[in-house]
Amino acid sequence: MKNSALIKGTAAIAVGAALLLGGGGTLASWNASDTQTPGTVIAGDLNVAAAPGVWKDRTGATINISTYKVVPGDKLTYTQALTVTLTGDKMAANITTSGTGAADGFTAGNVVVTGPALTIGSTPVTNPLTSSGTVTATITFEFLSTTTGRSDVTKTYNFGNVAFNLNQITQPGLS
């Protein structure tokens with residue numbers, strides 16, 4: 001019996017030591033946390049807005065195109081300001097135009113229609129644009145003085161809708 005009590009006592013001491021050395025002691029570990037505010041993503045802007053344009057004759061006098069009757073030798077110029085908005089880091093866009101035809105109702109050899117030509121100040125636009133600003137669109141209509149006889153009497157040229165298109169592009173080196 002004495003052996004049995006000794007074995008039980010030794011077993012109890014061994015179990016207690018095992019628990020103290022790693023089995024049942026307290027487990028300590030460090031923990032920490034923090035928060036950050038990554039910020040808000042804000043989109044840029046791309047826009048083109050056309051102001052009302054002005055027609056002028058060869059002398060620079062403003063004319064009312066709805067009542068003006070063109071004659072051979074006349075050259076009319078239409079000028080319109082375009083407000084271009086390009087907002088954003090690395091923003092770039094090409095500006096283009098569409099909507100004018102070659103002669104419309106006139107005989108092709110009797111008229112010259114040019115434009116719309118786009119300039120910033122007096123400098124022709126080179127695409128891509130990379131900043132906001134004013135672009136000037138200019139269209140010219142010339143009824144050539146070499147027109148003879150009664151060619152193109154009461155003819156009309158309808159410019160219809162001239163469109164100004166601003167299309168974002170990826171700048172070189174970005175993807």
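**Close-up views of a predicted model: figure legends**

**View 1. Aromatic pairs of the predicted model.** The model contains six aromatic pairs, where rings of Phe, Tyr and Trp (its six-membered ring) pair if their centres lie within 6.5 Å, with planes under 30 degrees apart counted as stacked, over 60 as edge-to-face and the rest as tilted. The ring centres of F106 and F141 are 5.4 Å apart and the planes stand at 65°, so this pair is edge-to-face. F106 belongs to the loop between β5 (93–98) and β6, whereas F141 belongs to strand β8, so the pair ties together parts that are 35 residues apart in sequence. Strands (E, at least two residues) are DSSP runs, numbered from the N terminus. Both F106 and F141 are buried, where buried means under 20% relative accessible area, exposed over 50% and partly exposed in between (1.4 Å probe, protein chains only). Ring pairs join W55, Y78, F106, F141, F143, Y157 and F159 in a cluster.

Residues are numbered from 1 along each chain as its sequence is written. This is a predicted model, in which local features need pLDDT of at least 70, side-chain atom pairs count only at pLDDT 80 or more, and totals for chains, interfaces and linings use all residues; side-chain values use heavy atoms, with hydrogens and water left out.

View 2. Strand β6 (residues 111–120) pairs with strand β8 (residues 133–143) in the antiparallel sense, over seven bridges; two strands pair if DSSP finds at least two bridges between them. Within this pairing, L118 has A137 of β8 as its bridge partner. Strand β7 (residues 123–124) also pairs with β6 in the antiparallel sense, over two bridges, and T123 in β7 is the bridge partner of I120. The hairpin of β6 and β7 has two residues between the strands, and G121 takes a positive phi near 70° there.

**View 3. The salt bridge of E142 and R58.** The model has one salt bridge, defined as a side-chain nitrogen of Lys or Arg within 4 Å of a carboxyl oxygen of Asp or Glu. It is formed by E142 and R58, whose closest N and O atoms are 3.5 Å apart. E142 lies in strand β8 and R58 in the loop between β2 (54–56) and β3 (62–63), so the contact ties together parts that are 84 residues apart in sequence. E142 is partly exposed, at 22% relative accessibility, while R58 is exposed, at 53%.

**View 4. Nonpolar cores.** A nonpolar core is a set of buried Ala, Val, Leu, Ile, Met, Phe, Trp, Tyr and Cys residues joined through side-chain atoms within 4.5 Å. The largest such core comprises 13 residues, and I95, L118 and L129 have the most contacts inside it. Two or more residues each come from β4 (75–87), β5, β8 and β9 (163–168), and β4 gives the most, with three. Leaving aside residues up to four places away in sequence, I95 touches V48, L82, V84, L118, V125, N127, L129, N165 and L166; contact means heavy atoms within 4.5 Å. Another core of twelve residues lies apart from this one and includes V111, V113, I139 and F141.

**View 5. T147 in the loop between β8 and β9.** T147 is found in the loop between β8 and β9 and is buried, with a relative accessible area of 11%. A polar atom of its side chain lies 2.8 Å from the backbone oxygen of L144. T147 also touches P72 and N110, not counting residues up to four places away in sequence.

Methods: Helix = DSSP H or I, 4+ residues; strand = E, 2+ residues; numbered from the N terminus. Polar contact = N/O pair within 3.5 Å; in protein donor to acceptor, adjacent residues only side chain to side chain.
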